[in-house]
Amino acid sequence: MSSAEPLFEARDLVKLYEVRRGVFGASAGKVRAVDGVSLAVARGETLGLVGESGSGKSTTGRLILRLEKPTAGQMRFDGEDWSALSGGRLRAKRRDIQMVFQDPQSSLHPLLKVGDQVAEPLRVQRITRGRAVAERVAALLADVGLSPAAADRYPAELSGGQRQRVAIARALATGPKLLVCDEPVSALDVSVAGQILNLLADLRERRGMAAVFIAHDLAVVARVADRIAVFYCGRIVEEGPAADVVARPLHPYTVALLAAATASSSSGSPRGLVLAGEPPSRVAPPSGCAFHPRCPIARPRCAVDTPPLEERPGGHAAACFYAGELRPVAAGGPPV
Amino acid sequence: MTAPLLSVTDLAVEFARGGRWFPAVDRVSFEVERGEALAVAGESGCGKSLLARALIGLPPDSARVSGQVAWEGREINGLPDEDWERLRGGRIGMLFQEPGAALDPVRTVGDQIGEAIRLHARVSPAEARRRAIERLREVSLPDPESAVDEYPHRLSGGQKQRVGLAVALAADPAVLIADEPTTALDSTIAAQVLDLLARLRRSRGLTLVLISHDLGLVARESDRALVLYAGRIVEEGSTSEIFRAPRHPYTRGLLACQPRLTAGSGGIRHGRFAAIAGMVPDLFERPDGGCAFAPRCPDRFEPCDRSQPPLFADGGIGVRCFLYDGRTADRGRRAS
């Protein structure tokens, strides 16, 4: 295996969902939830997926985790054909790729004690047995900043931040190489969210773990990720090093997301760019570039042809015929 | 001299446990003048939504409410239900977090706006329908003539929030109470709704009471702000002054926690996130006697555990912290 091979790589992922009319109704069409997504995560790297609801970022996360089967496309993980693995080989490999979800309330079992939940993956993956389990659980709880006494509590007895720490301990139990985090702090108060984000950063660094960090909040993703992929309507419309994407956005949609994120973080600033309209129907998306009906710089060509994701120098790519033309507006200071 | 639009004195909302009453909203006093935008800011569990419900006379059944709330000089305690009905909706409009929370799923948009109009004005059904279309146009719902016959489930989240606003404004209220009006919306849609709210405030001279956890929103959309912690106002005053120089250690911490996109090369990457140690205390486990924020406070000193600080005045800002008590301040570590 060459060292240049990424830890995880996906090529041309597609996920279609059938939409039916009524319970037994005929097919009313197909939703292209993920529409030709390619991405790669290097060892130890954090890739941020950002976009609004329905943009396909969470479905992409579920495909990466193999919680769902892609309609088309290939995935390689850690030197193996991840999309083709099945049965015992798949189960065994799952220890290397773990997840943390938005709502620890629903991802933890309400009737099981914290210690049992953290121990479960250890038992299932036959990593630790007998007395060693309790020690390992205590060590994992300590890793996420919880006292050993937490093992005897039920999820309902913990705060939201503590529950998310338990979910992280559980994800770390098998020593994964890749952690997929889907909106890990969006259910938490901002004063607690920082604690969890710092914890995730420390753990990644200490363990050299790679991560896919999925969130709607560009300000958070920009700080967490090495690279960012911006999703719109099932596709990646911009991708590149986090600092570049934020400082020199190429796609008009990224410019609008930045305007919304900048506006919400500065006081007394004018509202920058406000996009008209809403994300389009996923059953019958617009022709050409899916963003063209809302795009402030769209031209006739945009309604006809679909722009490919084109890479520019510095590993910064955008799917726009007029990439870089729309500049961020200054909002209460110099442009970001 | 006319009475303020809204005047609140020593308002408390309490819940019982084990024969004791615990205040979720604790002796809150403030006034709202006509035309201004007042923000009530705080994290979950600070009592901001309970405060909003008490203001419109809809506290939870299990709660005990005390203190005075007067709308345009009229004390609302003991107001007959029918007078309340007329006040609520007639003079006060409500907009909720969940788009469509106030909408009836089995009735058309036009029916619901029309009903709200006819509750407060004697008009024919045809006239109510005409006015409903007018309201929908005012909130920029696309194609209001056909949208008036739609059912709520046919609308997107952003459209439902616009319809919710049309219902709230149906009877031309003097004040709009908006409880987390954009929290459930995607950022580009939230920007549209905020734009619309700002426009309506100007065109209608509407008074706004904005309840929000989002300090960015508070900074941009309000003239004055109250910061709540554990049911009490910990800081109050002009929004621009609070954001220019936050006084209370909690406000300072909360502002530092806001995820922001900051300028600078590479400065955005892998920075530590600010956080406040610990968490908001549970209603039934708040510290007895001392300042409720003391256990999390970086500036805690002797007086903080002995008694609850009153509101001290500091340059036009009210701040509930002993750092601003002339007699003890020299002993505390005050931010400069």
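1. A quick word on handedness before anything else: a crossing is left-handed if the near helix is turned anticlockwise from the far one by less than a right angle, and right-handed if clockwise. By that convention, α4(A) passes α6(A) in a right-handed crossing. The contact involves A:V114, A:Q117, A:V118 and A:P121 on the α4(A) side, and A:V166, A:A169 and A:R170 on the α6(A) side (contact: C-beta atoms, placed from the backbone, within 7 Å). Those residues split into five nonpolar, one polar and one charged (Ala, Val, Leu, Ile, Met, Phe, Trp, Tyr, Cys and Pro count as nonpolar; Asp, Glu, Lys and Arg as charged; the others, Gly among them, as polar).

2. Housekeeping: this is a predicted model, where local features need pLDDT of at least 70 and side-chain atom pairs count only at pLDDT 80 or more, while totals for chains, interfaces and linings use all residues. Residues are numbered from 1 along each chain as its sequence is written, with chains lettered from A and ligands numbered from 1 in the order in which they are written.

3. Over in chain B, there are 11 helices and 12 strands (DSSP runs numbered from the N terminus: helices are H or I, at least four residues; strands are E, at least two). The C-alpha trace spans about 70 × 55 × 45 Å along the principal axes of chain B.

4. The sheet to look at in chain B is open, has eight strands with mixed pairing, and runs in the order β6-β7-β8-β3-β9-β10-β12-β11 (strands pair if DSSP finds at least two bridges between them). β6 (92–95) and β11 (312–314) of chain B are at the edges with a single partner strand each, so one side of each is left without a neighbour in the sheet. On average, neighbouring strands are turned by 20 degrees against each other, direction ignored (axes are lines fitted to C-alpha atoms, for helices over the stretch in contact, and angles run from 0 to 180 degrees between N-to-C directions).

5. B:I92 sits opposite B:V175 in β7(B). Helix α6 (residues 157–168) of chain B lies across β6 and β7 of chain B, at about 165 degrees to β6(B).

6. α6(B) also packs against helix α7 (residues 187–204) of chain B, at an angle of about 20 degrees and with axes 10 Å apart. The crossing of α6(B) and α7(B) is right-handed. Here B:G157, B:G158 and B:Q161 in α6(B) meet B:I189, B:Q192 and B:V193 in α7(B); the residues of this contact divide into two nonpolar, four polar and no charged.

Notes. Two residues are in contact if their C-beta atoms, placed from the backbone, lie within 7 Å.
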